[in-house]
Amino acid sequence: MKSLQDYTIVVRPDDNSTFAAYVPAIAGCHAWGATPDEARAELVNVFEMIQEEYLEAGKPLPRDVELVIANAS
């Protein structure tokens with residue numbers, strides 16, 4: 001069974017002085033917090049709920065994605 005450590009996690013500042021954390025490979029796997037650490041901690045809870053939903057449906061979790069970070073020119 002895959003764990004959150006098997007996925008790329010993105011943490012970024014959000015518009016309202018909070019932080020968003022998400023797993024690009026898994027739709028709906030995102031969370032917010034007042035700090036980057038709080039956002040990541042909430043993401044653990046969200047991932048566990050999604051993992052349970054996939055398990056109950058008999059579906060494997062999606063594969064991780066490779067991110068490309070680029071600046072617009």
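**From the helix to the sheet**

Start by selecting residues 36-57, which form helix H1. Helix H1 lies across E1, E2 and E3, and its direction makes an angle of about 145° with E3. This is a predicted model.

Now colour by secondary structure: the protein has one helix and three strands. Followed along the sequence, the pattern reads β-β-β-α.

Next, hide the helix and look at the strands. They make an open sheet in the order E1-E2-E3, with antiparallel pairing. Select 10-13 for strand E1 and 30-33 for strand E3. These two stand at the edges with a single partner strand each, so one side of each has no neighbour in the sheet. From one strand to the next, the twist averages 20°.

Then select residues 19-22, strand E2. How many bridges join E2 and E3? There are four, in the antiparallel sense.

Of the 73 residues, 26% count as buried. Among contacts with a separation of 6 or more, 32% are between residues 24 or more positions apart.

Colouring by charge brings up 5 positive and 12 negative side chains. The centres of these two sets lie 8 Å apart.

Definitions and conventions: Residues numbered from 1 in each chain as written. Predicted model: local features only at pLDDT ≥ 70, side-chain atom pairs only at ≥ 80, totals over all residues. Heavy atoms only, no water. Pairing = 2+ DSSP bridges. Axes fitted to C-alpha atoms, helices over the stretch in contact; angles between N-to-C directions. Contact = heavy atoms within 4.5 Å. Buried < 20%, exposed > 50% of the residue type's maximum accessible area, 1.4 Å probe, protein only. Lys, Arg positive; Asp, Glu negative; His and termini not counted. Charge placed at Lys NZ, Arg CZ, Asp CG, Glu CD.
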